[in-house]
Amino acid sequence: MIFDLEMIKKVYSEIPEKVDKAKKVTGKPLTLAEKILYAHLSESADTAFERGTDYVNFNPDRVAMQDATAQMALLQFMQAGKQKAAVPSTVHCDHLILAKEGAFKDLPSSKNLNKEVFDFLSSVSNKYGIGFWKPGAGIIHQVVLENYAFPGGMMIGTDSHTVNAGGLGMIAIGVGGADAVDVMVGMPWELKFPKLIGIKLTGKMNGWTSAKDVILKVAGLLTVKGGTGCIVEYFGEGAKNISATGKGTICNMGAEIGATTSTFGYDESMEKYLKATGREEVAKLASGVKEYLTGDPEVYSNPEKYFDQVIEINLSELEPHLNGPFSPDIATPISKMKDVAAKNGWPTKVEVGLIGSCTNSSYEDISRAASIAEDAVTKKLKAQSEFTITPGSEQVRYTIDRDGFISTFEKMGGKVFANACGPCIGQWARAGAEKQEKNTIVHSFNRNFAKRADGNPNTYAFVASPELVTALAIAGDLTFNPITDTLVNEKGEQVKLNAPSGNELPDKGFDVEDPGFQAPAADGSSVEVVVNPESDRLQILTPFEPWNGKDYIGLKLLIKAKGKCTTDHISMAGPWLKYRGHLDNISNNLLIGAVNYFNNDTNNVLNQLSGRYSKVPDAARAYKEQGLGSIIIGDENYGEGSSREHAAMEPRNLGVKVVLVKSFARIHETNLKKQGMLALTFADRNDYDKIQEKDTLDILGLSDITPGKALTVVLNHVDGSTEKFAVNHTYNNNQIEWLKAGSALNLIKLQNK
């Protein structure tokens with residue numbers, strides 16, 4: 001089945017004219033990213049946009065939402081007064097399924113536990129013309145790649161790994177739910193025109209090296225914030241040698257370098273994948289305009305002239321990598337892991353190996369990992385670690401089961417979890433995790449922040465390819481190098497694992513009995529969406545109060561966060577996922593994972609009213625009850641990680657007025673703006689050190705805020721002294737209107753009236 005074919009036809013019919021005009025306007029050849037961006041402008045441009053400076057309005061082709069973020073997005077959409085989503089949109093139930101005993105027990109249990117939420121999402125989707133993918137259908141990004149992604153298209157999704165669709169040549173960007181609402185009500189979507197990083201791939205991967213190692217290498221080079229504000233475009237002969245799903249893996253983890261998105265030019269591998277997934281007509285349409293679906297030859301022959309930064313990687317020389325622990329950019333080639341682990345005191349016994357997730361759950365990934373498992377069974381090797389498999393979609397699961405891969409994994413003791421996010425996002429009931437023992441796990445996921453997978457801050461998680469994870473689970477040793485090392489089998493023999501092998505696509509084609517899709521009602525006007533006012537899972541939203549037009553005076557310091565403060569620290573996932581549709585309940589996890597600068601403790605801050613230490617949400621509620629605003633102070637790259645807008649809505653709900661940091665991650669800064677918060681950065685990063693625990697802060701100059709004009713912070717110290725310093729903001733005129741209205745949604749409602 002081909003979804004939204006008429007929309008795709010329209011995009012392809014218009015793209016040549018739009019790109020040709022963009023070339024005239026810019027007066028130069030264009031990268032693929034520029035072609036797609038200019039082809040999706042909400043208004044035709046007469047001048048070129050300045051990268052990293054100009055805010056630009058776009059019309060994305062579609063919206064995708066996962067169940068955890070869809071709740072808040074759709075609760076907001078219901079307030080907008082629209083009868084139907086203006087663009088093709090989908091909801092995917094993948095985040096709320098707990099991995100514990102295996103798919104056959106976990107899926108029914110999670111369906112029952114989350115029935116209220118799933119029923120709500122189903123009914124809202126049915127009412128507003130939104131495609132609904134049921135629990136068990138698969139992980140949003142794999143399902144999107146199999147059904148919706150198309151070369152040259154533009155989509156936004158309420159999950160940071162929406163960027164996975166770049167594997168099929170899209171510009172796909174992770175956003176907060178308020179951004180999704182903009183597009184779903186038919187409004188343009190705003191983005192600062194990204195800078196461009198070009199990554200030239202030469203050579204061809206061989207042996208144990210896989211597509212995952214490309215992005216693990218890139219993450220090591222660029223770090224978790226090196227791609228901020230940028231689109232990463234891969235090109236070169238090496239890029240053409242990578243499968244479409246391998247390209248998806250690389251793009252998926254572009255979120256881990258802070259990139260706006262990543263993409264590849266249309267090529268034969270994409271054409272093959274489209275045909276294999278039942279979209280031959282889309283492949284034919286794309287092939288008809290293929291020169292518009294890749295960068296111009298002049299760009300790729302002289303990339304330094306057209307990209308802001310260029311990196312070159314020889315795939316023939318690329319070594320398998322292990323990234324971690326606690327950050328996805330700590331990159332170690334497998335040949336060096338023994339020395340690096342010893343130097344850092346990392347535990348080297350691998351307790352669990354986990355493969356799958358939205359990053360690495362393609363047929364190719366599973367088949368290559370299965371070849372290693374089969375080789376181990378043949379050579380009388382038993383896995384020394386626990387081993388789990390998380391298929392990315394029901395289509396993949398059904399096909400790998402048909403082809404015998406699941407049976408192969410079970411022979412080596414593997415356990416198959418449901419087609420859902422599971423351990424990757426903390427939905428893993430791992431036995432013994434509550435003991436918080438120091439241990440190591442290895443997985444093919446994308447993120448490995450502390451506590452992310454199992455809630456244990458002492459779990460050292462390392463990211464690798466499914467092939468390498470499988471080998472390390474068999475060895476039970478983090479320092480095992482399958483390229484050079486041998487293992488002792490049950491007969492006492494020294495044996496060596498063969499290099500992985502597998503098929504890019506199934507020889508017998510994909511197959512599935514029930515993909516798990518529910519089409520919306522043709523006319524949803526009679527569909528009733530019911531939310532129980534007594535529910536602790538769902539809560540109809542109350543609009544945030546508009547700004548009163550005055551400076552913020554007397555803000556209480558809520559927390560001065562020290563070091564890495566991701567959206568996981570600001571609004572944890574795991575057990576808190578169940579409250580994603582209830583703003584007040586989930587606000588009880590606000591910043592409970594952030595480290596307090598003044599005592600190096602978590603969820604323990606000074607309540608200035610009582611003079612005692614308390615939990616962060618409790619202190620915020622105490623200030624709010626007294627009519628006092630509060631302020632959050634943060635470090636570098638504040639809000640790194642997931643797109644979850646709850647990390648912006650929770651402080652807004654608890655009376656926080658301002659978030660002042662050294663630097664922001666892109667999505668989180670936008671989310672704060674959308675919710676009517678004031679997001680500021682230190683003009684001088686050293687001013688962070690001036691803020692004391694008992695300070696009250698004033699923000700001056702806000703009453704006449706204008707784009708590019710600095711504001712002033714006044715620190716009122718407890719001893720009666722004061723200090724002043726400048727702070728910056730990136731609000732444009734439209735975003736200032738969000739601030740004045742109290743939120744972007746408030747402004748939409750005013751405009752609709």
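Reader: Why is Asp454 called buried?

Author: The relative accessibility of Asp454 is 10%, and buried means under 20% relative accessible area, exposed over 50% and partly exposed in between (1.4 Å probe, protein chains only); Asp454 therefore counts as buried. The model is predicted, so local features need pLDDT of at least 70 and side-chain atom pairs count only at pLDDT 80 or more, while totals for chains, interfaces and linings use all residues. Residues are numbered from 1 along each chain as its sequence is written, and side-chain values use heavy atoms, with hydrogens and water left out.

Reader: What makes the pair of Arg430 and Asp454 a salt bridge?

Author: The closest N and O atoms of Arg430 and Asp454 are 2.7 Å apart. A salt bridge is a side-chain nitrogen of Lys or Arg within 4 Å of a carboxyl oxygen of Asp or Glu, so the pair qualifies. Arg430 lies in the loop between strands S16 (415-416) and S17 (439-443), and Asp454 in the loop between S17 and strand S18 (459-463), so the pair ties together parts 24 residues apart in sequence. Strands (E, at least two residues) and helices (H or I, at least four) are DSSP runs, numbered from the N terminus. Arg430, at 15% relative accessibility, also counts as buried.

Reader: How do you know that Arg51 and Asp308 meet in a salt bridge?

Author: Their side chains come to 3.1 Å, N to O, which meets the criterion for a salt bridge. Arg51 is in the loop between helix H2 (32-39) and strand S1 (55-58), and Asp308 is in the loop between helix H13 (297-301) and strand S11 (309-314), so this pair ties together parts 257 residues apart in sequence. Arg51 and Asp308 also belong to a network of salt bridges with Lys28 and Glu34.

Reader: Why is Asp308 called partly exposed?

Author: Asp308 has 44% relative accessibility and therefore counts as partly exposed. Arg51, by contrast, counts as buried because its value is 18%.

Reader: What makes a set of residues a nonpolar core?

Author: The members must be buried Ala, Val, Leu, Ile, Met, Phe, Trp, Tyr and Cys residues joined through side-chain atoms within 4.5 Å. The largest such core has 173 residues, of which Leu201, Tyr234, Leu322 and Phe409 touch the most other members. Helix H1 (residues 5-26) gives the most to this core, with eight residues. Apart from it lies another core of 50 residues, including Leu557 and Val713.
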